[in-house]
Amino acid sequence: VRAEVLKGHLDALVLAALAAEPAHGYGVIQHLRRRSSDVFRLAEGTVYPTLHRLERDGLLKSRWTSAHGRRRRVYRLTRSGREALAVRRLEWRTFSQAVDAVMA
Amino acid sequence: VSYLAELQRELARVGIRGRLRRRILDEAADHLAEGEQAEFGDPRALAQLFADELATHETTKVAFVAFAALAAAGAAFAAAWLGIALQGWPDFGSGAFLPLGLLTGIAMLVCSQVAFAAGLLALLRAWRLRHTRAAPAAEIAVLARRTNTALACGATAVLAIGTFALDNHAAFARSYVLATVTGSLALVVPLAAAAFASRRAAAVRSGVPGGPGDLFDDLPVSLPRHAWRFCLAVAAVAALATFAAGGLDEGPRNAVAEGMLVVGCFAALGRRLGIRR
């Protein structure tokens, strides 16, 4: 999948990845790869501007934790984040069903 | 040069400093301890991605904060102006120090109106960009110029009315002079704080290409894109309002002066404030 296509949906994918459990940036990337069977591959650093923006928008919260002697920033969804994810899921289902209907 | 050192340099290049830069570097260090450096992406592109989004967010946020500070200053300025009107306007040359009276008079009349117009223009653009992820650098620059002009003129107008009250203290009640001088000094503080925040936001350099846009892009309604005709219409409305306020004695003179002031400011600041291209 081209990076440009993936970037358009990165916000929703990151929210969905964090819906299961709080995670750090690397964990989010791994989740996206695993769940997409390695289809979603993007420059890993680009997930951080997205995480920071979603946090500024109040959809995520983060805090420093300590793991294996390293400082690690862990992100989790807020209530607004869960609501935004529900809206994005609905939009995606409507969109993908329409695309399927046209492409079939 | 290590990847993190290069990322640090690139973040500094785009104006990301302090706590945020440390946080980005700490997160990158944690990530690279587990992942591949090659997979993390080009440090220059990553730093620019942060800056593009941050510049838009910070400049827009500062514009809203500045407008709130200007609204408070504007309300206090209007109250002080009303106080002078109720006590009777002294002659601009009757103060303790003649040039000061003239200067403060001009500053009160001109700067207050420029601050109002520039603040309103900044608010219009900030509102339009409020959900934009990364606006063109040129659009952000215009927004910052509007905000800075509004803050500078707002602070000048507020200080001018305080100075005017002090210079003409013999013509006003003691309590009025004290309240106006103290109030004007106090109101400069939030304006200066907003100006400081604006300066910090401007340090972050967006690299998004695109034009600066103008007033007609910012307006929520579609109008014909004739900047000078728009200016003349605004000047006519301002002149009419001034005429109505001045009555038959002073109205015509004040209306002409007001109309000329609007057109003059448009000619001098129109491009800088992104009203015309």
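This is a predicted model: local features need pLDDT of at least 70, side-chain atom pairs count only at pLDDT 80 or more; totals for chains, interfaces and linings use all residues.

Trainee: Got it. How many helices and strands are there in chain A?
Mentor: Chain A has five helices and two strands. Starting at the N terminus, the order is α-α-α-α-β-β-α.

Trainee: And what box do the C-alpha atoms of chain A fill?
Mentor: Roughly 50 × 30 × 20 Å, taken along the principal axes.

Trainee: Let's zoom in. At what angle do the axes of H2 and H3 of chain A cross?
Mentor: At roughly 100°, and the axes come within 10 Å. Helix H2 covers residues 10–20 and helix H3 covers residues 25–35.

Trainee: Switching topic: how many residues of chain B are in contact with chain A?
Mentor: 21 residues of chain B, and they meet 26 residues of chain A. Between them the two chains bury about 2100 Å², with 51% of it on carbon and sulfur atoms.

Trainee: Which residues in chain B lose the most area to chain A?
Mentor: B:Arg23, B:Glu27 and B:His31, which together account for 27% of what that side buries.

Trainee: How many salt bridges are there between the chains?
Mentor: The count between chain B and chain A is 10. One of them pairs A:Asp11 with B:Arg133, where the closest N and O atoms are 3.1 Å apart. There are also 17 residue pairs in polar contact between the two chains.

Trainee: Which elements of chain B give two or more residues to that side?
Mentor: Helix H2 (18–34), helix H3 (37–40) and helix H4 (43–87) of chain B. H2(B) gives the most, with nine residues.

Trainee: And what's on that side of chain B by class?
Mentor: Eight nonpolar, four polar and nine charged residues.

Note on methods: Residues are numbered from 1 along each chain as its sequence is written. Chains are lettered from A and ligands numbered from 1 in the order in which they are written. Side-chain values use heavy atoms; hydrogens and water are left out. Axes are lines fitted to C-alpha atoms, for helices over the stretch in contact, and angles run from 0 to 180 degrees between N-to-C directions. Helices (H or I, at least four residues) and strands (E, at least two) are DSSP runs, numbered from the N terminus. Contact means heavy atoms within 4.5 Å. Buried area is the accessible area (1.4 Å probe) that two parts lose on being put together, summed over both. A salt bridge is a side-chain nitrogen of Lys or Arg within 4 Å of a carboxyl oxygen of Asp or Glu. A polar contact is a pair of N or O atoms within 3.5 Å; within protein, one must be able to donate a hydrogen and the other to accept it, and residues adjacent in sequence count only if both atoms are side-chain atoms. Ala, Val, Leu, Ile, Met, Phe, Trp, Tyr, Cys and Pro count as nonpolar, Asp, Glu, Lys and Arg as charged, and the others, Gly among them, as polar.
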